[in-house]
Amino acid sequence: MRFSRFYHIQKTLLQYGLDELIPASWQPWYARGMRKSAFWLHNRYPDYPVGKRLRLALQSLGPVWIKFGQMLSTRRDLLPAEIADELARLQDKVDPFPGEQAQQLIEQALELTDISELFSSFSVTPLASASIAQVHAAVLRQTDGSDADVVIKVIRPDIRKQIIADLDLMDGLAAIAARYLPDGKRLRPREVVSEYRKTILDELDLQREAANAIQLRRNFEGSDSLYIPYVYSDFSRPNVMVMERIYGIPVSDIAALNAQHTDMELLAKRGVEVFFTQVFRDSFFHADMHPGNIFVSREHPENPKYIGIDCGIVGTLNSEDKRYLAENFVAFFNRDYRKVAQLHLDSGWVPVDTNVEEFESAIRTVCEPIFQKPLADISFGHVLLNLFSTARRFNMQVQPQLVLLQKTLLYVEGLGRQLYPQLDLWKTAKPFLESWVKQQVGLPALWRQVKDNAPFWAEKLPQMPTLLHRYLEQGPKQQALMLQQLQLLQLQQHKANRQIIAAALAAGSLISGTIAFTVGPLWLAGALLGGTIFFGVKALLS
Ligand SMILES: Nc1ncnc2c1ncn2[C@@H]1O[C@H](COP(=O)(O)OP(=O)(O)OP(=O)(O)O)[C@@H](O)[C@H]1O
């Protein structure tokens, strides 16, 4: 099964002519030879543009590869526009599984004898069929008798098994890449696959997604910038999720957004603001910001609001991560590479024996070209990417949540620039960074810490008199106990000392007795050996 799937993957890549993506001069001679000998696997679509071939290949390989393509579709900084456009079409373009089967899965998961027990209507034809799940429109009968438009997301049957098998093959390919690619060690393909594995397996649990959506919705309650649909948590199961149906415009539909005169500049800025709010205010961010998951409300195009779905992948940050980001970004944008290097050392992110000059110069080498551009064109995501790859060379363990953040940042930037190409990211993000850095020092930080610790003291204060009384009462008892233990220790110490002295005297008598026995008078030897026995017995008995 494994081998046949492996063969299938190779076959698909070759039949769509994707080997052409690697320039022939980069391919080793034996790979070129093998390619020529596999004549039956020739490129079957020579007339299709490479982007289309890539999309079709990924699509035919199934969910794991489709997700990979979706991830790539927002990397417009890396891919030519025509390939990115093609990959963007990977969303919702998967053949659906039968709606009747979805209905059965819902009934089983929610323990219904018939779907109509809970839903006044259920559309058997799926609304969307994505790589991992399928979405059906329905109308939920609420407890107060009213109806609510909902969508029901159902995980594809048997998908877990397929995904795990494909991930294992990917891991095998990654191991080969790590071993044979000239850059294999630095790229750490196996680590990349293992992180991807974690992410995709998390996505298979809709209960986790429901909890994330609830949290994100709460964080943006009343916000003008982001809306998260309501999740009916009573009907959340690992493979089924019921949520409010939304009717927004997909963010990639620029024509529709323009047609309703959306304020694109504001929309682009809000994207960046929403992201930095999630990172620096909430430490909890939506980390699957591909265009298929972001919509724009049809209401108030002059005050446009995002609608986010699919909260399967989220990132969380601790204050150390935030400090890392804020301080490094600020130092970077001041082009103070020494500070960046010193920050890494002082905070223990790289080992203490790192040569700060070498580290500084490595950072300068990769980052200075980025800063040749006008500030408005600089990509934060790229800055981070370069910093991470440099820091890795200096033995920094880059935390997965920071890698996730860096990837999300690239998506957000790509999206913002697609909506409004003149978007000045630095201007939009700077206030967030500066206010965070300011909050971390001086009186506001102190006040926040007092506030953060207030619940602890509020809980402990009423118990204080009792605790104090107990301590005072126990004080003398504790002291007496300690005194006793101290005396016991002293006794043991004396005993040990006596034993050592007696043993030493016995040894001394034995040696001198032995010498006297051979060279001296017998009476002296006898007396000394008698002393040996005396001190020896004393050492044993004391
Ligand atoms: N609340 C909703 N209201 C309306 N349509 C929705 C809603 N949730 C999902 N959809 C539709 O279903 C599609 C797939 O949903 P979602 O992205 O949550 O599934 P997924 O399997 O995680 O997809 P993907 O693999 O693209 O991440 C969306 O692109 C959208 O068209």
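1. Start with one residue pair. Phe295 has Ile307, in strand E10, as its bridge partner. Keep in mind that this is a predicted model.

2. Now widen the view to the two strands. Strand E9 covers residues 294-296 and strand E10 covers residues 306-308. Three bridges join E9 to E10, and the two run antiparallel. Strands of a sheet pair through backbone hydrogen bonds, either parallel or antiparallel.

3. Next comes the sheet itself. Four strands build an open sheet, and their order is E5-E10-E9-E7. The pairing in this sheet is mixed. Which strands stand at the edges? They are E5 (226-227) and E7 (249-250). Each has a single partner strand, so one side of each is left without a neighbour in the sheet.

4. A helix joins the picture. Helix H12, residues 264-282, packs on the sheet. H12 touches E5, E9 and E10. The direction of H12 makes about 45° with that of E10.

5. Turn to the ligand. How many residues surround the ligand? There are 22, and the closest are Lys153, Glu244, Ile246, Asn293 and Asp310. By class, the shell holds 11 nonpolar, five polar and six charged residues.

6. Where do shell residues come from?

7. Look at individual atom pairs. Glu244 places a backbone N or O atom 2.9 Å from a nitrogen atom of the ligand. In Asn293, a side-chain N or O atom is 3.0 Å from an oxygen atom of the ligand. A polar backbone atom of Ala133 lies 3.2 Å from a ligand oxygen atom.

8. Finish with the ligand's surface. Taken alone, the ligand exposes 610 Å². The protein buries 94% of that area.

Methods: Residues are numbered from 1 along each chain as its sequence is written. This is a predicted model: local features need pLDDT of at least 70, side-chain atom pairs count only at pLDDT 80 or more; totals for chains, interfaces and linings use all residues. Side-chain values use heavy atoms; hydrogens and water are left out. A residue is near a molecule or strand if one of its heavy atoms lies within 4 Å of it. A polar contact is a pair of N or O atoms within 3.5 Å; within protein, one must be able to donate a hydrogen and the other to accept it, and residues adjacent in sequence count only if both atoms are side-chain atoms. Accessible areas come from the Shrake-Rupley method with a 1.4 Å probe; for residues, only the protein chains shown count as cover. Ala, Val, Leu, Ile, Met, Phe, Trp, Tyr, Cys and Pro count as nonpolar, Asp, Glu, Lys and Arg as charged, and the others, Gly among them, as polar. Two strands pair if DSSP finds at least two bridges between them. Contact means heavy atoms within 4.5 Å. Axes are lines fitted to C-alpha atoms, for helices over the stretch in contact, and angles run from 0 to 180 degrees between N-to-C directions.
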